[in-house]
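Take a look at the structure below. The text after it goes from one chain to the pair.

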2 protein chains.
Amino acid sequence: MSDFDLNLYTAERVQIIHDGLDRFTPSADTPPVPLHTAMRYSLMAGGKRIRPLLCMAAAEAVGGDAVQVLPMACALEMLHTFSLIHDDLPAMDNDDFRRGIPTSHKQFGEAMAILAGDALHTLAFATIARHQRTENPEQIIRAMAIFADASGSTGMCGGQVDDMYYEGKPVTPEILRHIHAQKTGALLNASLLTGAILCNATAEQEECLQKYGSHVGVAFQIVDDILDVTGDDAKIGKPTGSDEKNDKATYPKLFGLEVSARMAREATDSALDALSVFDHHAEPLRAFARFIVERDL
Amino acid sequence: MSDFDLNLYTAERVQIIHDGLDRFTPSADTPPVPLHTAMRYSLMAGGKRIRPLLCMAAAEAVGGDAVQVLPMACALEMLHTFSLIHDDLPAMDNDDFRRGIPTSHKQFGEAMAILAGDALHTLAFATIARHQRTENPEQIIRAMAIFADASGSTGMCGGQVDDMYYEGKPVTPEILRHIHAQKTGALLNASLLTGAILCNATAEQEECLQKYGSHVGVAFQIVDDILDVTGDDAKIGKPTGSDEKNDKATYPKLFGLEVSARMAREATDSALDALSVFDHHAEPLRAFARFIVERDL
């Protein structure tokens, strides 16, 4: 075990990410004030900033500069926040709390929540196009394509469609994995890949990061499902039991709590194996993988 | 007057655009089938394809190849369609018909309409990143930034916020112009600028196209407002009188029908003036400007 301090590392990085999000997002004083207020309400509400952290850690892992990819990292958080706002809408999951505060539509009404999501969706792409720099602009275009696909009809949006479609229906482990691969996995993978691509990753490094991302994505989702059953509302920032309420397919429902926890640990081990080609610069990625299963299992 | 045949030109181009949209959009046979079906339902329903036509015409005007900018042209139509789907939602304008058929939420339900809009929004950026090519990739990134800004909080989304905010409230001509500049003007301008930038436009050419775009945008909006009062439902593809129903600020309400029609003609003349630096390659842009005020005034 290394003496790498994930808490310290994360605290420093989250501050940098917070400052970046603040800088790349229009001020709430500038018109249209209600829209910018709603955008900032959800975006600056905290959250674990996992996607930008992974993006910056992947940049480091391939020997790059984490701060250089800050615009891309912030774009990932904007895209994630947009998807949360829309997923919470009454027509979708109809959730009232998120990140410890009322959801966007509860706070600002449905129309403004839809528009705040849309504007954050666009802002993500604008942030990359306006602020991301590399030696080779082709890398930005390639990263943008991966980023866009993660969000689209075969990524997050597609995952949400399947998620709603299977509510109350029996699902196989394959379907569950497919839903999560789209809904969460695609953007986690894009976080790692874009950070690496913008820092001149080799094809082998990209491939290893994709493997790491897939395993970490599975581990992350299983732990999320478990915490929805066993966790503490205040700590998680949203009501637990929401999957049960919405009759969603989850790992604990399909495999039981104990087997689910074991599967999460196995996925973490596989994620760590995938990092064997990297040197000490990948220490943050290793620590993230361990942290996921240790947070409350 | 030239003997340029706008009808023939448009018919040919609309076919190319239609084929491009079909090619860049996932097939309705591929999963998630319900989402791809909903995306195609709105995207392939026709419409005038004004934004892609303007993009391709701007490429030509600066001496470029119209077909080279087809991915960008199709992305503009995807972005426009996304905005229509979301603007039609019950929480927004609550419209039942669009392009002659039931709106997306009427056909597929609200959740699917939100997601189909989101997925088309993303697909627009993915289409540019995956398919647009130029000699200089910096041009693609610059075009993408302009494209994103046109859609965001100070573009279409912002315009929709202001539009809803001023429903039933008195507006000045300045506010009305500002709403339209965001809601319609920004994307029309982006259509022209992106097409030109991708074909090596000079700074002077860009500036003239922006002037043209602003004037054409105003003319277009005035005519749209007039047609909502005087037009024929079947011809327009959506119920007329919708602005009145929603108590929206419009040119006819503020200035009367006659003065509005004169303002549209003046804006068209200014648009034509802005094209004086261009040679015969700008003939399609000139014909568009004339067509707007001639369609039913």
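This is a predicted model: local features need pLDDT of at least 70, side-chain atom pairs count only at pLDDT 80 or more; totals for chains, interfaces and linings use all residues.

Start with chain A. Its secondary structure comprises 15 helices and 2 strands. The chain has 297 residues, and the globule rule gives 19 Å for that number. The radius of gyration is 18 Å, close to that value, so chain A is as compact as a globular protein of that length. Its C-alpha trace spans about 50 × 45 × 35 Å along the principal axes.

Now look inside. Of the 297 residues of chain A, 55% count as buried. Then consider how the chain meets itself. Take the contacts between residues at least 6 apart in sequence. Of these, 72% join residues at least 24 apart.

Next, bring in chain B. A rotation of 180° superposes chain B on chain A, with 0.0 Å of shift along the axis and an RMSD of 0.0 Å. The two copies are thus related as by a two-fold rotation axis. Which C-alpha of chain B is nearest the axis? That of Pro137(B), which lies 3.1 Å from the axis. Both copies use the same surface: of the contact residues of chain B, 100% recur in chain A.

Finally, follow helix 9 of chain B, which runs over residues 173-197. The helix has a kink of about 50°. Is helix 9 of chain B largely enclosed or largely open? In this helix, 20 of the 25 residues are buried, so helix 9 is largely enclosed by the rest of the structure.

Technical notes
Residues are numbered from 1 along each chain as its sequence is written. Chains are lettered from A and ligands numbered from 1 in the order in which they are written. Helices (H or I, at least four residues) and strands (E, at least two) are DSSP runs, numbered from the N terminus. The radius of gyration is taken over C-alpha atoms; the globule rule is 2.2 Å times the number of residues to the power 0.38. A residue is buried if 20 or more other C-beta atoms lie within 10 Å of its own, exposed if 12 or fewer, and partly exposed in between; C-beta atoms are placed from the backbone. Two residues are in contact if their C-beta atoms, placed from the backbone, lie within 7 Å. Copies are superposed by least squares on the C-alpha atoms of residues with pLDDT of at least 70 in both. The bend at a residue is the angle between axes fitted to the seven residues ending there and the seven starting there.
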